[in-house]
Amino acid sequence: MLLQNDLLLRAARGEKTERTPVWLMRQAGRILPEYRAVRESVSGFIELAQTPELAAEVTIQPVDLLGVDAAIIFSDILVIPEAMGLPYEMVEKRGPWFPNTVRSESDLKKLRIAEGDNDLQYVMDAIQITKKNLNGRVPLIGFAGAPWTIFAYMVEGSGSKTFSLSREKLYRDPVFSHQLLQLITDSTINYLKAQIRAGADLVQLFDSWAGILGPKQYEEFSLKYISQICDAITEVPVTVFAKGAFFAREALGKLSCETIGLDWNMGIEESSALIGPSKTLQGNLDPAALYGNPDQVRKATQDMMGQFRGKRHIANLGHGVYPDIDPEMVKVFIQTVKEF
């Protein structure tokens, strides 16, 4: 099916666009009352993500309500550990929690390489329903967590400020660490390829905990595996978003992906110089800027857009939109990008 709006795909590939495309990380979510209504109809986040019709509905909401140039499938990065044999729970106000963790050889032996289609069929069903209901209006983004970020949750068992147990593993047991990271990587490649077969037009890797590693460790335990994924995904454009990895921008620029996401702490000029002209940059307005009034949001957005002028660019925030931000201010951001 031909896309009526393919701005995102053209921008990712570095082709000419009439204007800069715009979408937001976490756009399908708690900022929208319409999302909250759907969420309240089920027992919790995981049931919503695993019910394809509802996941498709909340995926499409931001396209209808906010006017973004892309939909991103409603799911979670932690579906991969679950598909590998390590289930998790989503605890209200606390986030993800794993009843079991992976910290020993015997734990490793209980895991399997996930097959995208069989193990995560509900995500593929949600993608197919979403594609049908979008009817070619905008592209659909698929995604996965980067291997280091997934490793951090599987070893730690929950979110953490330091992920010290996971980082300890890298130092004390690099052999174990590389084995687990490879299992996650192989599972993630299967998963992303299944998403693409189901209809995803572009895929994004989220390395949410990139910034807690030092440069040397990041290269050995994260970039190496992200690179494998980028090399394996040749069917659609790939975006890599490594939050906090300001020290790795030059290396990120060498990956075989189309787009590099910038968080709001990464200077645009400096990032562009380090990453080079062959990549599209995505980002990177501070999400907190959307707490401002319409004039403040407009000005912050124009300032950001001015710095990206003349560069390959997809407009976005420097991280996910915060749940208590006024959807009207999100619309001001989107409108300002479209008018720039």
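This is a predicted model: local features need pLDDT of at least 70, side-chain atom pairs count only at pLDDT 80 or more; totals for chains, interfaces and linings use all residues.

Residues are numbered from 1 along each chain as its sequence is written, and side-chain values use heavy atoms, leaving out hydrogens and water.

**The sheet**
- Seven strands form an open sheet in the order 1-4-5-6-7-8-9, with parallel pairing; helices (H or I, at least four residues) and strands (E, at least two) are DSSP runs numbered from the N terminus, and two strands pair if DSSP finds at least two bridges between them.
- Strand 1 (71–72) and strand 9 (313–317) sit at the edges with a single partner strand each, so one side of each has no neighbour in the sheet.
- Two bridges link strand 1 to strand 4 (residues 140–145) in the parallel sense, and Ile72 stands opposite Ile141 in strand 4.

**Around strand 9**
- Strand 8 and strand 9 run parallel and are joined by five bridges; Asn284 has Asn316 in strand 9 as its bridge partner.
- Five of the five residues of strand 9 are buried, where buried means under 20% relative accessible area with a 1.4 Å probe, protein chains only.
- His313, Ala315 and Leu317 point one way from strand 9, and Ile314 and Asn316 point the other way.
- In a regular strand, side chains alternate between the two faces of the sheet.

- The largest pocket has a volume of about 1,600 Å³; a pocket is an open set of points on a 1 Å grid over the protein atoms alone, with protein on both sides within 12 Å along at least five of seven lines, and lining residues have an atom within 4 Å of a point.
- Of its 47 lining residues, Arg26, Arg30, Phe45, Asp76 and Met90 are the closest to the centre of the largest pocket.
- Helix 2 gives the largest share of that lining, three residues.
- The second largest pocket has a volume of about 300 Å³, and among the 16 residues lining it, Thr17, Thr20, Lys311, Arg312 and His313 are the closest to its centre.

**The cavity**
- The structure holds one cavity of 30 Å³ or more, a cavity being a set of grid points where a 1.4 Å probe fits but cannot get out.
- Residues lining the largest cavity include Phe45, Asp76 and Tyr122, and helix 3 supplies the largest share, three residues.

Terms used:
Grid points are joined across faces, edges and corners, and a volume is the space filled by probe spheres set on the points. Buried means under 20% relative accessible area, exposed over 50%, partly exposed in between (1.4 Å probe, protein chains only).
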